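Let's take a walk through this one, helix by helix. Have the structure open and follow along.

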Amino acid sequence: AALRHYPDAPELTEALNRAREAFKVQQREQAIESLLGEARRNLQAREFEPALNALDRGLNEYGADSRISDLKEKVLSAKSDWEREQALLRLVAEARQQIRAGQPESALELLTSVQSRFGDDPRLQETTAAARETIEAQQREQAIETACRSAQKSLDEGQYDPALATLDAALNALGKEPRLTSLREKVAKAKQAWERSQAIRP
């Protein structure tokens, strides 16, 4: 109103321009704060794409504002961490499934192939150890079965010493294992019985 009465008054024009400028700055600030709030809520909810879209929109609209670019960096970093975590969880779940399915070699191969990407993450280390233990248990079981089959074959053929040698070697390598000790006792008794029968022969 004052400007209409005094259109040529430079002080009034300048004051009005300052007020307009201050209002524009205030509007810009409010819009940026609103946008940052929206992006932070998206970030907390792990909705990374909407957060990034809002921040990109803000950078296009309001230019290079450090608050927007800083939050964008934070969102990108959180997105990368989350994606890495999800990839690791999927890999560990797949490896554990392979172990349960009796394929620990495949699990170990998978886990070893991603070691450089995920480093010494405890879940990766734990699953790798489980795969190795399962492989060792399978190899041990195979060695026991092979020794028992071989010794039983020698026993059936009356070859007591080779049977005992096979079982003794297996016991040395694998420690006290009930199937091996039980079969060894059986072979030893059979050998003693055979030796007695030989001794009483005329």
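At what angle do helix α7 and helix α9 pack, and how many Å apart are their axes? Keep in mind that what you're looking at is a predicted model. Helix α7 runs over residues 122-156 and helix α9 over residues 178-199; they pack at about 10 degrees, and their axes lie 10 Å apart. Angles under 35 degrees count as roughly parallel, so that's what α7 and α9 are to each other.

Zoom in on where they touch. From α7 come Glu141, Ile144, Ala147, Cys148, Ala151, Gln152 and Leu155, and they meet Arg179, Leu180, Leu183, Lys186, Val187 and Ala190 of α9. Sorted by class, this contact has 9 nonpolar residues, 1 polar and 3 charged.

Now stay with α9 for a moment. Its 22 residues, at 1.5 Å a residue, should span 32 Å, and the end C-alpha atoms sit 31 Å apart, which agrees. Leu180, Leu183 and Val187 are the buried residues of α9. Their arc around the axis is only 70 degrees, so they're on the same side of α9. Among the elements covering them are α7 and α8 (160-174).

Helix α5 (residues 104-113) is the next stop. Here the buried residues are Pro104, Ala107, Leu108, Leu110 and Leu111. They cover an arc of only 160 degrees around the axis, which puts them on the same side of α5. Their cover includes α4 (66-100), α6 (115-118) and, once again, α7. On the face of α5 turned away from that buried side, Glu109 and Ser113 are exposed.

Note on methods: Residues are numbered from 1 along each chain as its sequence is written. This is a predicted model: local features need pLDDT of at least 70, side-chain atom pairs count only at pLDDT 80 or more; totals for chains, interfaces and linings use all residues. Side-chain values use heavy atoms; hydrogens and water are left out. Axes are lines fitted to C-alpha atoms, for helices over the stretch in contact, and angles run from 0 to 180 degrees between N-to-C directions. Helices (H or I, at least four residues) and strands (E, at least two) are DSSP runs, numbered from the N terminus. Angles under 35 degrees count as roughly parallel, over 145 as roughly antiparallel, 65 to 115 as roughly perpendicular and the rest as oblique. Contact means heavy atoms within 4.5 Å. Ala, Val, Leu, Ile, Met, Phe, Trp, Tyr, Cys and Pro count as nonpolar, Asp, Glu, Lys and Arg as charged, and the others, Gly among them, as polar. The expected span of a helix is 1.5 Å times one less than its number of residues. Buried means under 20% relative accessible area, exposed over 50%, partly exposed in between (1.4 Å probe, protein chains only). The arc is that of the directions from the helix axis to the C-beta atoms.
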